[in-house]
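Hi everyone, thanks for coming. Let me walk you through some side-chain contacts today. Here is what we'll be looking at.

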Amino acid sequence: EIGHTFGLGHSKSLDCSEKAIWHSCAVSEYGNPFDIMGYPDGARVINFTAQEAVGWISPSNILKITSPGLYHIDNLQKENGISGATIKIPGLDDPVFALEHRKAEGFDMPLSDSYLFGNITTGLLVYSKEHFLNPYPRWKIIDPNPTTLSISDDIKYDAITSNFYDPYTGVSIDIQSVDSDGINFNVDFGSSIIAGCAPTYF
């Protein structure tokens, strides 16, 4: 509960069933298993979007991606590192995705449990919002590898570890390499297509 005294809300998930992101999704109030404000028995570190919102992370430590290219972000716990990234696509004023990378160290040591968190430390956690045109949405974790299971049952697969493509936004993300400091990945922008198509995974 101490997090609430600093102005933090619960760390939620956005469950879009068999789609990564959609215009209509279910919000789970305690749905982020990688954040103490979502799941106290999981990882302990508060996600970077919430840390920025309360002033614990400077905007200068967040990578703002607005064009295709190869990018690097650091482990979220690296002091004075690049704590995360946001992706903004042409035609929208606000970012559509936020990305962070976690290591099983320090307060995130629970991530070393491969049974609960199989691939998290080798990929990117992804956040989005209920609706990109809503001026006051909050970031929520999404499942980039959706199945028929609920997001709470899919926690082993909540990281992008290879390739991700979302036709709703036209964004594709390809993991290039993971090292001791962080993660390297490529971002590309394609055309966003009409609602109704599920994301494609490789």
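One term before we start: a residue is called buried when its relative accessible area is under 20%. Asp74 has a relative accessible area of 7%, so Asp74 is buried. Please keep in mind that this is a predicted model.

Let's stay with Asp74, which forms a salt bridge with Lys78; their closest N and O atoms are 3.7 Å apart. Lys78 is partly exposed, at 36% relative accessibility.

How many salt bridges does a search of the whole structure find? It finds three. In another of them, Arg102 pairs with Glu100, and the closest N and O atoms are 2.6 Å apart. Arg102 also forms a salt bridge with Asp108, where that distance is 2.6 Å. Glu100, Arg102 and Asp108 are therefore linked in a network of salt bridges. Are these residues buried or exposed? Arg102 is buried at 1% relative accessible area, Glu100 is buried at 0%, and Asp108 is buried at 0% as well.

Now to the rings. There are two aromatic pairs in the structure. Tyr71 and Phe185 have ring centres 6.3 Å apart and planes at 35°, so this pair is tilted. Tyr71 sits in strand 4 and Phe185 in strand 12, 114 residues apart. Tyr71 is buried at 15%, and Phe185 is buried at 0%.

The other pair, Phe97 and Phe164, is edge-to-face, with 6.0 Å between centres and 85° between planes. Phe97 is in strand 6 and Phe164 in strand 10, so the pair ties together parts 67 residues apart in sequence. Both Phe97 and Phe164 are buried.

Conventions: Residues are numbered from 1 along each chain as its sequence is written. This is a predicted model: local features need pLDDT of at least 70, side-chain atom pairs count only at pLDDT 80 or more; totals for chains, interfaces and linings use all residues. Side-chain values use heavy atoms; hydrogens and water are left out. Rings of Phe, Tyr and Trp (its six-membered ring) pair if their centres lie within 6.5 Å; planes under 30 degrees apart count as stacked, over 60 as edge-to-face and the rest as tilted. Helices (H or I, at least four residues) and strands (E, at least two) are DSSP runs, numbered from the N terminus. Buried means under 20% relative accessible area, exposed over 50%, partly exposed in between (1.4 Å probe, protein chains only). A salt bridge is a side-chain nitrogen of Lys or Arg within 4 Å of a carboxyl oxygen of Asp or Glu.
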